[in-house]
Amino acid sequence: MTSPLYSVIVTLVQVVLAATGGPLLIGLMAKVKARAEGRVGAPIVQPLRDLRKLMRKERLHARHSSVMLPLAPMVIFAATTVAVGISPLVSTRPLLGSSADIFVIVYLLLTGSVAAALGGLDAGTAFGGMGSSRAMTIGALAEPALLVAVIALSIQSSSSNLTTIVSATLAHPDWVFGPSRLLALGALGIVVIAETGRIPVDNPATHLELTMVHEAMILEYAGPELALYHLGEAMRVSLLFSLVATLFFPWGVATGHSVLALVVGVGALVVKTALVALAVALIEVRSAKLRLFRLPELLAGGFVLSVLAVVTGLVTR
Amino acid sequence: MNTTYVAVLELAAGAVLVSAVMTLWRRNVRSIISMLSLQGIALATAAIVLGWHEHDVALFVTGGLVLVVKGLVVPGVLRRVARLDPRSRESRPLVNVPASLVIAALLIVLSYVVTSRITSLAPSDATRLVPIGVATVLVGYFMLVTRRRAVSKIVGLILVDNGIALVTFLLTSGVPLIVELGSSLDVLLVVVVLQFLMVSMVHHSDTEQLTEMKALHD
């Protein structure tokens, strides 16, 4: 198979996998939580059914809303799709893999966050603005930790390109259990929980006014736009989980051009991402949501962990 | 063999520093003491691995001693002390937790910048890790200065001691056994004395917050 065609196929596989696997991942986490709490829970495919139901509904916009309201879900979906497409998740040869710099991925995700905040503000309701403000506060606290953790990862491979980091880690498996990696994993774990709005930071299942963050931003959305919003968010969750899985446990990622390696890569990615989701779901079950004013403590802890990761990375290099 | 030695040593040194930072992070006195216990175990692991690698029986024995004293006995004594004052489980530090974490990050970077010039004089697998020990000492001093509760201050003191011990293990493969024995018993004695002091403090003034004590009594 020629190289450009292979890259296109890899990118398509990754996008399709995230678009179908993302909602399934959300369903899986809900199912694990339900089982751990002694309930039966909705089937894992429930988020996909919800998307189908929402897609059939008519488009409704709040009276005073502007073009930002329908634009926000599209921007979230588009930015996440690009980020999924160029990341080395299934194979180290996706389309535009050479530009999959980790800063590019982070800022593609942030573009989605900014669009989400603007969309929340757009209808002019109190809850939307409150949710946007909280989401931006959490984002501003999580971002330094994320960037410093990324620097820690790029010290060992002397590159901030994701493809290079994954290939270098595959070539040096002893890096994975170094203290720098483990600390960066801890920091990224906290950041991912904050960015995906899981329980110690935000409760995705709440509709209580005082505690809502993400749910407050989407109050004004309905129908196909809500479906696109949910799909984009689900893809974002699956991207963050699979990035953690791939950066820290890169085994199974295809490096060659063969179809078999691609199939193995897909299988490995699904298993690894499901394991990360399982871990997050168990953390959610075991912990209570933090008070909003205690969040800076958690995220400052993540920041210190990432600084520790950088320093130990420099020390042990 | 050599890479395993380096990996275990790096992990142990990393665990010493992480548990030091965790003591600043957690509010609950019980979990702070658990972190201290973890740090003692990590320190002992570092000593034992170094002793194994350099075929140094004295260092090996020191590691065992550290494991018993700093991993088990001192945290055990501190847990008994913490049980004295069940009302105030949470400590109210002078510098709030997010700010102290950021300051800890600065201290860690500072120790790396300062110490890396010293360690570059004799680079080896062990001496490269010295900045981690120095950072632990600095974090310990910071805790000693900014925490109000007596238990937290004792924890800060032990952090300083653990950091110094890590540096000596890494730089000189440990001081002679008799000196290490002396200093370990010294720390244990200090903790026991402070325990008695605190029991009488709680008995007299119903608190162990040092800032609440304004005047001297007979």
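Which residues have the most contacts inside the largest nonpolar core? The views below start there. This is a predicted model, where local features need pLDDT of at least 70, side-chain atom pairs count only at pLDDT 80 or more, and totals for chains, interfaces and linings use all residues. Residues are numbered from 1 along each chain as its sequence is written, with chains lettered from A and ligands numbered from 1 in the order in which they are written.

**View 1. The largest nonpolar core has 165 residues.** A:Ala149, A:Leu308, B:Val21, B:Ala46 and B:Val139 are the ones with the most contacts inside this core. Helix H9 of chain A (residues 223-248) supplies the largest share, 16 residues. A nonpolar core here is a set of buried Ala, Val, Leu, Ile, Met, Phe, Trp, Tyr and Cys residues joined through C-beta atoms within 7 Å. Buried is 20 or more other C-beta atoms within 10 Å of a residue's own, exposed is 12 or fewer, and partly exposed is in between, with C-beta atoms placed from the backbone. Helices (H or I, at least four residues) and strands (E, at least two) are DSSP runs, numbered from the N terminus.

**View 2. Chain B meets chain A through 22 residues of chain B and 18 residues of chain A.** On the chain B side, the elements giving two or more residues are helix H1 (2-25), helix H4 (97-119) and helix H5 (130-146). That side splits into 18 nonpolar, two polar and two charged residues. Nonpolar covers Ala, Val, Leu, Ile, Met, Phe, Trp, Tyr, Cys and Pro; charged covers Asp, Glu, Lys and Arg; the others, Gly among them, are polar. Zoom in on B:Val21: leaving aside neighbours within four places in sequence, B:Val21 is in contact (C-beta atoms, placed from the backbone, within 7 Å) with A:Val304, A:Leu308, B:Ala104 and B:Val139. H1(B) is mostly covered, with 17 of its 24 residues buried.

**View 3. H9(A) and helix H10 of chain A (residues 259-286) pack at an angle of about 105°, their axes 9 Å apart.** Axes are lines fitted to C-alpha atoms, for helices over the stretch in contact, and angles run from 0 to 180 degrees between N-to-C directions. The pair is therefore roughly perpendicular, on a scale where under 35 degrees is roughly parallel, over 145 roughly antiparallel, 65 to 115 roughly perpendicular and the rest oblique. A:Ser238, A:Phe241, A:Ser242, A:Val244 and A:Ala245 in H9(A) meet A:Leu269, A:Lys272, A:Thr273, A:Val276 and A:Ala277 in H10(A). By type, the residues of this contact are six nonpolar, three polar and one charged.

**View 4. A:Tyr221 sits in the loop between helix H8 (214-217) and H9 of chain A.** A:Tyr221 has 25 other C-beta atoms within 10 Å, so it counts as buried. Leaving aside neighbours within four places in sequence, A:Tyr221 touches A:Leu226 and A:Tyr229. A:Pro73 is 148 residues away in sequence but 9.4 Å away in space, C-alpha to C-alpha. A:Pro73 is among the buried residues of H3(A), whose cover includes helix H1 (3-36), helix H4 (102-122) and H9 of chain A.

View 5. Most residues other than glycine have a negative phi. A:Ser158 counts as exposed, with 10 C-beta neighbours inside 10 Å, and B:His55 counts as exposed with 8.

Methods:
Contact = placed C-beta atoms within 7 Å.
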